[in-house]
Amino acid sequence: MKRARHLDDLLRNWEFDPSSLNVRLIKGKDDRDVIQMRVDMGVLQLETTGRPDGELIESSETYLQHLQMTRLENPDAELSEKDCNEIDREFMQFYHRRICWLRLQFYHRAVMDADHTLRLMDLCEEMSDDPEWISSHEQYRPFVLFHRTQAEALGELEENTPEEAIQAINRGLDTLREFFVKHEAEEHFDEDELIVRLVDLRESLRNEYSVGQTLRERLDAAVQDEKYELAAKLRDELTRRETH
């Protein structure tokens, strides 16, 4: 009897909802975890480790790892057209998995996938001599940093304290500000939609959990106001907390 190759039953039993991100974590045929995302005309299935499509790149788990190995062997290596196409594929795959992890509330996995994408962006800048191609990817760095900051903050809230979540947002905002400064766009920082959303999240956490200034914020304020004795005490307390 010929095995059916259609997806009729799968699609019928999992209706697409255009107002939400339709994601689930299920077991594969060999009992491994896989992510499925319901899209408008089908289903995407993503591996939870390595490359989301499960491919190996000349024994490397990802194209990023493959390029890192290439660069170790040849520090002057530059990206070919094939490399650029494969990098674009990997960017898109990790984007899909990152938003799935956020929807599933696997925040640390979302951070890991965001870090992968950021490292790949860095390598693109280092290995390509095409400013236009580099810029086409760099324009998405704030969006990736936004996801990373959001995920780290929610992970800290889930596992540690609201204060740690707020501090994670502050770290993310600092990194984003560096990006705006680098690209001579600092005057647009405060009004950028992603920045506004992170600030709103930070202040909503302050209000919901009655958190005033974090220890790090108090330390920064003391240094700025040249209250060095207070800054020393706050620094000691911060060090004590971080080592316990």
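In this predicted model, helix α6 (residues 141-159) and helix α7 (residues 162-182) cross at roughly 165°, and their axes come within 7 Å. Angles over 145 degrees count as roughly antiparallel, so α6 is roughly antiparallel to α7. The crossing of this pair, α6 and α7, is right-handed.

**Contact of α6 with α7**
- On the α6 side, the contact is made by Arg 141, Pro 142, Leu 145, Thr 149, Glu 152, Ala 153, Glu 156 and Leu 157.
- On the α7 side, the contributing residues are Pro 162, Glu 164, Ala 165, Ala 168, Ile 169, Arg 171, Gly 172, Thr 175, Leu 176 and Phe 179.
- Sorted by class, the contact of α6 with α7 has ten nonpolar, three polar and five charged residues.

**Packing of α2 with α4**
- Helix α2 covers residues 63-73 and helix α4 covers residues 107-127; their axes lie 10 Å apart, at an angle of about 40°.
- With angles under 35 degrees counted as roughly parallel and 65 to 115 as roughly perpendicular, α2 and α4 are therefore oblique to each other.
- The crossing of α2 and α4 is left-handed.
- From α2, Leu 64, Leu 67, Gln 68 and Arg 71 take part; they meet His 116, Arg 119, Leu 120, Leu 123, Glu 126 and Met 127 in α4.
- The classes in the contact of α2 with α4 are five nonpolar, two polar and three charged residues.

**Domains**
- Contact between the domains involves seven residues of domain 1 and six residues of domain 2.
- About 480 Å² is buried between domain 1 and domain 2, and carbon and sulfur atoms give 40% of that area.

**Whole chain**
- The protein chain contains ten helices and three strands.
- Read from the N terminus, the order of elements is α-β-β-β-α-α-α-α-α-α-α-α-α.
- Along the principal axes, the C-alpha atoms of the protein chain fill a box of roughly 80 × 50 × 35 Å.

Notes. Residues are numbered from 1 along each chain as its sequence is written. This is a predicted model: local features need pLDDT of at least 70, side-chain atom pairs count only at pLDDT 80 or more; totals for chains, interfaces and linings use all residues. Side-chain values use heavy atoms; hydrogens and water are left out. Axes are lines fitted to C-alpha atoms, for helices over the stretch in contact, and angles run from 0 to 180 degrees between N-to-C directions. Helices (H or I, at least four residues) and strands (E, at least two) are DSSP runs, numbered from the N terminus. A crossing is left-handed if the near helix is turned anticlockwise from the far one by less than a right angle, and right-handed if clockwise. Contact means heavy atoms within 4.5 Å. Ala, Val, Leu, Ile, Met, Phe, Trp, Tyr, Cys and Pro count as nonpolar, Asp, Glu, Lys and Arg as charged, and the others, Gly among them, as polar. Buried area is the accessible area (1.4 Å probe) that two parts lose on being put together, summed over both.
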